[in-house]
Amino acid sequence: MQTQDLRDAVLRHLTYSLGKDPAHAQTNDWRLALSFAVRERIVDPWFASTRATYGGKHKRVYYLSMEFLIGRLLEDAVVNLGLMDAADEVMSGFGQNLHNVLSDEPDAALGNGGLGRLAACFLESLSTIGCPAYGYGIRYEHGLFKQSFRDGRQMESPEDWLLRRNAWGFPRPEASFRIGFNGRVAERDGKPVWEPSEAVLASAHDTPIIGWQGRWANTLRLWEAKPVDIFDLDRFNRGEFAAAAEAEASARTISRVLYPDDTTYQGKRLRLQQEYFFTAASLRDIVRRFDSEYDDPAWLPQKVAIQLNDTHPAIAGPELVRILHDEKGMEIDRAIETARATLNYTNHTLLPEALEKWSEELMSDLLPRHMTLIQRIDEHHAQEKPNRKVRLIENGDVKMGELSFVMANRVNGVSALHTELMKQTVFEDLHAQYPDKIVNQTNGVTPRRWLLSANPRLSNLIAGEIGMDWVDDLEQLARLEPLAEDSAFRKAYRDAKRANKAELSQWFRDTHDVALDPDAMFDVQIKRIHEYKRQHLNILEAIALWQEIRDNPNGDWTPRVKIFGGKAAPGYVFAKEIIYLINSVAKVLNADPVTSKFLKVVYPPNYNVTLAEKLIPAAELSQQISTAGKEASGTGNMKFALNGALTIGTLDGANVEIRELVGADNFFLFGMTASEVVERRKVHEHAAKAIAADPRLARALDEIRAGTFSDGDGERFRSITDNVSGHDYFLVSSDFTDFWRASREVDRAYRDSTSWTRMAVLNTARSGWFSSDRTIRGYMGDIWGASAVPA
Ligand code: 26V
């Protein structure tokens, strides 16, 4: 019945929504037809969710994020609606392969990395739990750039996910707001009023996000920037055609492209325009919805919780004060208190270079009223805490972290360690003033995408043992624990991993023309390229290992494939050098007839959510090797553990909690702790000392300097070798020796496949706590005061 209905719907959409004759339909047409047929089934639960929320006057949660790294949506929707088998049958009936149809969907890369992917997992969990919520962000015309390699170097080209018709977004041109910029603050009846001199339209596109089993659906509302006036007809009539379209082009620029640098804040005007654009549109929408239900703005904190995903929407503080005070006439201090009771802020990084500051000059120019309100908020803070040390404006800059902190009811970190470090470092003084404000919410990942759909083999094995309750109650995986001692189960578990590895090897052969041995250990490091994440530590270890294998080619080596994936910010020169080095090392090692059966290095380009879904289920070793104290949490680390990869890692971010839960025996720990890192930096010439003490490291660096990986050009990777042997801020040299030790321990452990599989099973069985459902319940209880609504 379900199958028959779905078949009819696909055919109907192919014919009447797409205007295609089945005889001439392409994969893209079939994919869109299936998407529309599936989308139809989301609409009823979606409306029902909205009605239930209105009807019960429930509190709503608003998640404001510059980034939502959602990837493909069709498979998610099919899986959550329980339509996988039906879709498979229907597509086969039309002579289409469901897998190919699903793979045809562009990967929506509206985010850089961890922060954006977390937002996407949260949306799915909010719907699964049935918490009334909206995601608000920007509908970038171009997501994160596409990466390719030319002679081993990163090349960037524009991403174009909207080139083909987007199946999921419902355009809502009727839901538009005028967003002002610049101008001046005038006085009317003794009250300040902002009179912007420029404006753009924010126009909504809604994507329904369906939860597990279709019980609830929330909305992701993304704003597109449009001109207020279509074009200048007078200029057009005068023959000035290009000039007539200028305003349109400049308005659209605001939602044109995602900023690809998530490491260094640059203070660019367009970025601040993007931030204000989406924050102001979202707040306007939130307040409009609130006003339609309630008369008194004082009720806002009871009915609305707003989460700021990092400081990118921090202008929400002054903007909400402006709405409450300037527009609704609420007394200024009460407006500040009301806004503060509504807003919360998540910090995702402690790296000083990533903390946003906006110059007072730019802020006064672009958002003059907000600048005066920030000064007023600062005074309010000074009145409240007379012995305060922190000022919101310092050396001509507005500090957005401090502004967010002061304007938030709760501030949270994203792992236990990160939250403690926040209290001790960036927010030390503010924490002393508001000791109850900072709370922890350790990140999580959605098991629907990252286990159920990405890893059907393991999911089926689990389902055969414990049923399906784990899908929305991931701690049920603990019931697998006794099976770690069951040899038949271990064999089935190993077979599932082996099959995933074989499938990945086939993919590498088909798409990259490289042969991988599916019996070698698959060792994976996938994440943005950054010095603190230390991909260069990993490649140095590979060089040293290659040298040892060459010394003793008949040794009993444990075969390994090192897989790298990740993009460097286009302007991050050092990160790009790391990519170039990895590719250059790969070329030499993979061509070595003696060593390549023991060690290969591969680096598929354009790492994205879709590629992560292929790599993680096939991984056996998860590289989480950041300098301790630098990775706020990590979420890839959780996906790997859940899928039965063992971690080699430092005591950083959520690695600490992963190790506690899976057990120290099932985790390969190495490296300095966060406090040892701080101490080590004080040691004079720490890198030189580490190199002098470790001949392997010295030799690996010499090999690079000798030009082995650069056609004899000893200078090519000077920036890396100089850094690692010189200043070495991220302690690559100081951690190398212990990393080598732990890596060899991994080799030994891998050779005992029984005990390795036991450890892998325990990683899966003990990772249930890392579900984003658990994280969201934490936010609901500790931060939002929101409840799930019975569907
Ligand atoms: C920062 C910036 C700063 C300059 C302008 C552009 C831009 C864009 C994005 C970001 C976000 C960087 C912070 C981030 O992604 N943090 C990651 O958040 C993950 C989710 O909490 C966490 O797992 C990672 O450890 C953390 O690095």
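**Before you start.** Residues are numbered from 1 along each chain as its sequence is written. The model is predicted: local features need pLDDT of at least 70, side-chain atom pairs count only at pLDDT 80 or more, and totals for chains, interfaces and linings use all residues.

**Stop 1: the two domains.** Colour 57-72, 107-145, 154-443 and 776-784 as domain 1, and 457-770 as domain 2. These bounds come from an automatic or database domain assignment. The two centres, taken over C-alpha atoms, are 36 Å apart. The contact between them uses 33 residues of domain 1 and 27 residues of domain 2. Here, two residues are in contact if their C-beta atoms, placed from the backbone, lie within 7 Å.

Now select β2 (68-71), α6 (114-129), β6 (153-157) and α17 (416-424). These are the elements that give two or more residues to the side of domain 1 that touches domain 2. Helices (H or I, at least four residues) and strands (E, at least two) are DSSP runs, numbered from the N terminus. The residues on that side of domain 1 divide into 13 nonpolar, 14 polar and six charged. Nonpolar means Ala, Val, Leu, Ile, Met, Phe, Trp, Tyr, Cys and Pro; charged means Asp, Glu, Lys and Arg; the others, Gly among them, are polar.

**Stop 2: the ligand.** Centre on the ligand, which 21 residues surround. Show Gly114, Leu115, Asp262, His348 and Ser633, the closest of them. The shell has seven nonpolar, 10 polar and four charged residues. Each of domain 1 and domain 2 supplies at least three residues to the shell.

**Stop 3: Lys639.** Select Lys639 in helix α25 (residues 636-642). An unreviewed UniProt entry lists Lys639 for "modified residue: N6-(pyridoxal phosphate)lysine". UniProt positions are given in the numbering used here, feature names are shortened, and annotations may be inferred rather than shown by experiment. Is Lys639 buried or exposed? Lys639 is buried, because it has 30 C-beta neighbours inside 10 Å. A residue is buried with 20 or more other C-beta atoms within 10 Å of its own, exposed with 12 or fewer, and partly exposed in between; C-beta atoms are placed from the backbone. Leaving aside neighbours within four places in sequence, Lys639 is in contact with Val445, Trp450 and Ile616.

**Stop 4: helix α4.** Go to residues 84-93 and pick out the buried Ala87, Val90 and Met91. They fall within an arc of 95 degrees seen down the axis of α4, so they line one face of the helix. The arc is that of the directions from the helix axis to the C-beta atoms. The cover over these residues includes α1 (2-17), α2 (27-55), α3 (74-80) and α5 (98-103). Turn to the other side of α4 for the exposed Asp85, Ser92 and Gly93. Gly95 follows α4, with a positive phi near 75 degrees.

**Stop 5: helix α30.** Select Ile720, Thr721, Asn723 and Val724, the buried residues of α30. Their arc is within 165 degrees down the axis of α30, so they too line one face. Their cover includes α22 (535-551), α23 (573-590), α28 (686-693), α29 and α31 (732-751).

**Stop 6: two loops.** Asp711 sits in the loop between α29 (695-705) and α30 (718-725). Though not a glycine, Asp711 has a positive phi of about 50 degrees. Asp711 is exposed, because 8 other C-beta atoms lie within 10 Å. Finish at Gln213, in the loop between β10 (198-210) and β11 (217-227). Gln213 is not a glycine either, and its phi is positive, about 65 degrees. Gln213 counts as partly exposed, because it has 17 C-beta neighbours inside 10 Å.

How values were computed. Near = placed C-beta within 6 Å.
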